[in-house]
Amino acid sequence: MLTQKIESLSGGEKNILQLAKVSASKANMLLMDEPTSHLDIYSQMALEKAISNYKGAILMISHDYHFIVNCADYVLLIEDKTIRKMSMRKFRKMIYANHFDKDYLQIEEKKKALEMDIASALRDTDFERARSLSEKLEEIIKSL
């Protein structure tokens, strides 16, 4: 509602409002600190799309691996008082090797893709497709 006070908004609604304000300002550089925290799946999808269409530079701090992989061209790693620029291909390899076994990561990527497809089907009011995709997601979750 347009007359709603900002202090009455939820954390996610405040984040969305901030993103709207920045996008309206025509800034050519964005600084983002954990932009996906408090966002629902629809908002995350919209943010990923907005970032892919954004023409300026973005400096983002995030612990959301999937979001980083979907939105970043490269990563700056800060470790032991040094900053290292890394390509996304190299970053993925490092993350895979250090934190995931191959099967787990493939399953998580498949789950995320299904969740986004379900959200898209619901947005399009294609409930039959959403139900079918939800069943596939349940099967994956049960297999873990």
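**Figure 1. Overall fold of the protein chain.** Among contacts (heavy atoms within 4.5 Å) in the protein chain between residues at least 6 apart in sequence, 47% join residues at least 24 apart. The model is predicted: local features need pLDDT of at least 70, side-chain atom pairs count only at pLDDT 80 or more, and totals for chains, interfaces and linings use all residues. Residues are numbered from 1 along each chain as its sequence is written, and side-chain values use heavy atoms, with hydrogens and water left out. The protein chain has six helices and four strands. Their order from the N terminus is α-β-α-β-α-β-β-α-α-α. Helices (H or I, at least four residues) and strands (E, at least two) are DSSP runs, numbered from the N terminus. Along the principal axes, the C-alpha atoms fill a box of roughly 45 × 45 × 25 Å.

Figure 2. The protein chain has an accessible surface of about 10,600 Å² (Shrake-Rupley method, 1.4 Å probe). Carbon and sulfur atoms account for 55% of that surface. Of the 144 residues, 28% are buried. Buried means under 20% relative accessible area, exposed over 50%, partly exposed in between (1.4 Å probe, protein chains only).

**Figure 3. The largest nonpolar core.** A nonpolar core is a set of buried Ala, Val, Leu, Ile, Met, Phe, Trp, Tyr and Cys residues joined through side-chain atoms within 4.5 Å. The largest one holds 10 residues: Tyr65, Ile68, Val69, Val75, Leu77, Met86, Met88, Phe91, Ile95 and Leu105. Elements α3 (65–71), β3 (74–79) and α4 (88–99) each give two or more residues to this core. A second, separate core has seven residues, including Leu30, Met32, Leu39 and Phe67. In soluble globular proteins, nonpolar side chains tend to be buried together.

**Figure 4. Thr36 in its loop.** Thr36 lies in the loop between β1 (29–33) and α2 (41–53). Thr36 is buried because its relative accessible area is 7%. Beyond its neighbours within four places in sequence, Thr36 is in contact with Gln44, Leu47, Asp64 and Phe67. Gly12 is 24 residues from Thr36 in sequence, and their C-alpha atoms are 8.8 Å apart.

Figure 5. Helix α1 (residues 11–24) has 14 residues. From first C-alpha to last, α1 reaches 20 Å, close to the 20 Å expected at 1.5 Å a residue. The expected span is 1.5 Å times one less than the number of residues. Lys26 follows α1 and has a positive phi, near 60°.
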